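Here is a friendly walk through one structure, in questions and answers. Keep the view open as you read along.

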Amino acid sequence: MVGESWVTTTFEKLGEWGRNNSFWPLPFGTACCGIEFMSVVSSHYDMARFGYEVVRFSPRQSDLLIVAGTITDKMAPVLKKIYDQMPDPKWVVSMGACACSGGFYRAYHVMQGIDEIIPVDVYVPGCPPTPEGLMHGILQLKEKIERDRKRVKKEKATIAADRDGSSAAA
Amino acid sequence: MPLIETAPAPLLEKLPADSAVPVEGLDQPTWLVRRESLKEVAKMLGADASAGFDLLLDVCGVDYPGRAERFEVVYHLYSIGRHERLRLKVAVPEEDPVLPSLIDVWKAANWFEREVYDMFGLRFEGHPNLRRILTHEAFEGHPLRKDYDPARRWILTEDKIYRPEPRPDDEESGDDMFEPMTINIGPSHPAMHGTFRIVARLDGEVITASEVEIGYLHRCFEKMAETHTWQQVIPFTDRLNYCSAFINNVGYCRTVEKLLGVEAPPKAVWASTILSEFSRIMDHCVCNGATLVDAGALTNFWYFFQPREEIYGLLEACSGARLTVSYCRIGGLAADLPPDFEAHCRRLLEMIPPFMDDIEKLVDKNRIWLDRSVGVAAISGEQAVNWGWTGPCLRASGVANDVRRDHPYDLYDTVDWNVVVLPGGDVYDRYRIRMLEIRESLKIIRQLLDRGIPEGPYIVDDPHVALPPKDVAYNQMEAMIYHFKLIMDGIQVPAGEIYSMVEGANGELGFYAISDGSGKPYRLKVRPPCFPIMSTFSHLIQGGSVSDAVVSLGGLNIIAGELER
């Protein structure tokens, strides 16, 4: 039994390690931030250093949605559909002030933050964020996933301990 | 305010009496046209060779709730041959908001009229497809009317999304072995640059009809301008054409300066010209880089983006921001130039040409690129003008038209450079012309650098326009009051109107500003160069294959922020 559990844990770890270091981002670039995203993936900043260069434009093949740019009310159903089409597990980085909160466009056609329609994992501020800012955001996401795994593991352990404890008491 | 003194008075005589009345004392010749005779006047001006107003630059609606005839529609016309401008104004009452459509005279009117319909609810009789263009399908009301709340949103749900049926021009599919197919491309599609949508009807791989849907990035620039002070609009202008944000800054600030009657000091003008040209280079780099990526040539994308990064370094040294710089101010610059400005520019002058040489070696005679681009999406100069094209795309069709030469601003009339013209009008020439223009821009920059930095301040010394320096504002009562007034009330621009233009990276970038003296723009209309160009897209791709459509979109350099504002 010991051998089995050892294999399971490592497999989880292996999976997370792989995921963390090789997001396949889908850049939902609509505006100025999209141009900065292009800078991030091009040679000077080179996001490939972190293993995140496999940019996919099909939601079916990607696990990280980077919303780079203003989302208008006209675009909202499209964004929602793209998010729904992505397979689990999936994460969302909201890049720039517009995607986070509508930015300085308090206006009749601009969504006041994409979290009106989809959940967001990391908000990257800036108008647009610097390339370093976006990379920092993605590395934060990496940490967050790591932390989540530890938390889930801890929760599982607590539940198991509780159950063991209660069964022992019984 | 500089007046253009070439009022085409003889033209008025060709018209029936009282169909058009000239208005005196404005920045350019202006006629008040009666609604009933608008079509006749337009035909005389546009179709008659002697009048020669072959380019419809812009159509702009204005709402005056206090007037008996509430709306005004303003047409800006241009004569390419004579470099003359003419403005037509038509009053439209609220009860009967109908005008004749001018599509028969200028094809460019197509989308412009749709925009006026969308924003003001004015209808154009004879327009083939008068529906909303910038706002979405579930939108109610007309946002640029003065009584529309700027923050009133409408939610679009998926069932209401417009599904265009490309008008069936082709009924002859009888003996064809293939059934015609309708496909949707975009808006979330890499070839559509994230924000356009095309519904195309295909026969095999050939596009027989298509409809272009835009408005996915309509960020309400013009309404936002009306709710902010004149200075506060500057950051919004950055986000029009975000690939060359600085040129937008310059265009806007020069417009307001003309209304105010102030002039930026020589140092600011000198730096603006240099930075505008660097911005133009960046813009051309993005356009050509993206076009080549769309055609599968990824290497050039890296080659184009490296010089861009270096130019970013210069802009960052000046303003602190890379992309959206907001470095220009009304009356000058936001801050003094960095101490190594000149050396930095010279470094860039050394560094950019080798990249361009490499790209040209890789691409110019590349068989694949030639096959993909030569003769694709070609348009003749005459047609392009009728569709309202300006800038490099028009120059690639053989029409030498450049605001920098024809209506010089800043220092362009003091340097030696050429307006590059190519004859082909296809994707290849649109790529080539940008490569050539990059070199012309470098030439301009080099000459300006050789003159050395002009002495003096970087912003006008006028406390009604420019903030007093911080140390003075902290220590002198008067300066502090000026500072307070400028921050709280903004610059007090006198009532008036002006159309002012600069050569944007993609054509004539015009700002039509109306001030009522209240401290905020009453109306600020942008004349976006890529709006009329994009309106041609459906026509350009007809008869080509889908892959041709992808390449031709890249070559037109459509920037959504500017297209949809």
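**A helix and its surroundings**

Q: What span should the twelve residues of helix H3 (residues 109-120) of chain B have at 1.5 Å a residue?
A: Please keep in mind that this is a predicted model. The expected span counts 1.5 Å times one less than the number of residues. The end C-alpha atoms of H3(B) are 16 Å apart, which agrees with the span that its twelve residues should have, 16 Å.

Q: Is H3(B) mostly covered or uncovered, and how many of its residues are buried?
A: A residue counts as buried if 20 or more other C-beta atoms lie within 10 Å of its own. Among those that pass in H3(B) are B:Trp111, B:Glu113, B:Arg114 and B:Asp118. The helix is mostly covered, and the number of buried residues is twelve of twelve.

Q: Which elements of chain B do the buried residues of H3(B) pack against?
A: Packing here rests on contacts, with C-beta atoms within 7 Å. The partners of H3(B) include both strands and a helix. They are strand E3 (55-63), strand E4 (71-79), strand E7 (123-125) and helix H17 (530-535).

Q: Which residue takes a positive phi just after H3(B)?
A: Look just past the end of the helix, where phi is about 80°. The residue with that positive phi is B:Gly121.

Q: How are helix H7 (residues 266-294) and helix H19 (residues 546-556) of chain B oriented, roughly parallel or roughly antiparallel?
A: Their axes come within 8 Å and cross at roughly 175°. Angles over 145 degrees count as roughly antiparallel. That makes the arrangement of H7(B) and H19(B) roughly antiparallel.

Q: Which residues of H19(B) does H7(B) meet?
A: From H7(B), the residues involved are B:Ala290, B:Thr291 and B:Asp294. By class, this contact has three nonpolar, three polar and one charged residues. On the H19(B) side, the residues are B:Val550, B:Val551, B:Gly554 and B:Gly555.

Q: Which helix supplies the largest share of the side of chain B that touches chain A?
A: In all, 40 residues of chain B are in contact with 31 residues of chain A. Helix H4 (221-226), helix H8 (298-319) and helix H20 (560-564) of chain B each supply at least two residues of that side. The largest share, five residues, comes from H8(B).

Q: What pattern does chain A follow along the sequence?
A: Chain A has five helices and four strands. Read along the sequence, they give the pattern α-β-α-β-α-β-α-β-α.

Methods:
Residues numbered from 1 in each chain as written. Chains lettered and ligands numbered in written order. Predicted model: local features only at pLDDT ≥ 70, side-chain atom pairs only at ≥ 80, totals over all residues. Axes fitted to C-alpha atoms, helices over the stretch in contact; angles between N-to-C directions. Parallel < 35°, antiparallel > 145°, perpendicular 65-115°, else oblique. Contact = placed C-beta atoms within 7 Å. Nonpolar A, V, L, I, M, F, W, Y, C, P; charged D, E, K, R; others polar.
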